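I opened this entry to keep track of what I looked up, element by element. The structure comes first, then my notes.

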Amino acid sequence: MHHNQADTAIQSYLENEDIVYGATQIFDALSDYTRFQILSALCVSDCSVSELKELCHVTQSAISHQLRLLRDRGLVSAHREGQRVIYALADDHVTTLMRVGLEHAAEAVPAEGE
């Protein structure tokens with residue numbers, strides 16, 4: 001069996017239980033519909049809690065709770081602009097996870113007219 005550099009890197013990561021646990025926590029965070037909506041919105045633009053509340057159609061406390069979890073998992077970051085806190089994706093890895101997940105899901109959906 002031929003192993004390339006990516007396979008070697010994956011194998012190395014799999015040997016570290018902390019990395020495997022961290023990865024499962026990331027995928028767990030992505031599995032919630034509201035959290036996925038939040039991350040999708042942040043792929044397009046940085047947002048405040050009130051903007052995310054409007055986009056996701058949930059309460060402010062629900063958005064705040066989900067943002068706290070996403071921050072704890074290292075998926076979003078926050079900075080203050082005056083009195084508002086603005087949320088953004090933590091890094092490009094999160095954008096890649098979202099894009100790949102959506103592309104993979106789109107493969108299973110028949111194109112219109114099929």
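**Helix H3**

I listed the buried residues of H3 and got Thr34, Arg35, Ile38, Leu39, Ala41 and Leu42. Seen down the axis of H3, these residues fall within an arc of 160°, so they line one face of the helix. The arc is taken over the directions from the helix axis to the C-beta atoms. Buried means under 20% relative accessible area, exposed over 50%, and partly exposed in between, with a 1.4 Å probe and protein chains only. On the face turned away from the buried side of H3 I found the exposed residues Tyr33 and Val44.

I noted the provenance: this is a predicted model, in which local features need pLDDT of at least 70 and side-chain atom pairs count only at pLDDT 80 or more, while totals for chains, interfaces and linings use all residues. Residues are numbered from 1 along each chain as its sequence is written, and side-chain values use heavy atoms, with hydrogens and water left out.

Helices (H or I, at least four residues) and strands (E, at least two) are DSSP runs, numbered from the N terminus. H3 has twelve residues and reaches 17 Å from its first C-alpha to its last, close to the 16 Å expected at 1.5 Å a residue. The expected span is 1.5 Å times one less than the number of residues.

**Helix H5**

I then turned to H5, residues 60–72, which has 13 residues and spans 18 Å from first C-alpha to last, close to the 18 Å expected at 1.5 Å a residue. Its buried residues are Ile63, Gln66, Leu67, Leu69 and Leu70. Down the axis of H5 they fall within an arc of 160°, so they too line one face of their helix. The face of H5 turned away from its buried side carries the exposed residues Ser61 and Asp72. Just after H5, I noted that Gly74 takes a positive phi of about 75°.

What covers the buried residues of H5? I found that the cover includes helix H2 (17–30), helix H3 (33–44), helix H4 (49–56), S2 and S3.

I looked up Gln66 in H5 separately. Gln66 has a relative accessible area of 12% and is therefore buried. Leaving aside neighbours within four places in sequence, Gln66 is in contact (heavy atoms within 4.5 Å) with Asp32, Thr34, Arg35 and Ile38.

**H3 against H5**

The axes of H3 and H5 come within 10 Å and cross at roughly 75°. Axes are lines fitted to C-alpha atoms, for helices over the stretch in contact, and angles run from 0 to 180 degrees between N-to-C directions. H3 and H5 are therefore roughly perpendicular to each other; that label covers 65 to 115 degrees. From H3, Thr34, Arg35, Ile38 and Leu39 meet Ile63, Gln66, Leu67, Leu69 and Leu70 of H5.

**Strands**

I checked the strand pairing, where two strands pair if DSSP finds at least two bridges between them. S2 (residues 76–81) and S3 pair in the antiparallel sense over six bridges, and His79 has Ile86 in S3 as its bridge partner. S2 and S3 form a hairpin with two residues between them, and Gly82 in the turn has a positive phi of about 65°. S1 (residues 47–48) pairs with S3 (residues 84–89), also in the antiparallel sense, over two bridges. Cys47 has Tyr87 in S3 as its bridge partner.

**Asp18**

Asp18 counts as exposed because its relative accessibility is 64%.

How values were computed
Parallel < 35°, antiparallel > 145°, perpendicular 65-115°, else oblique.
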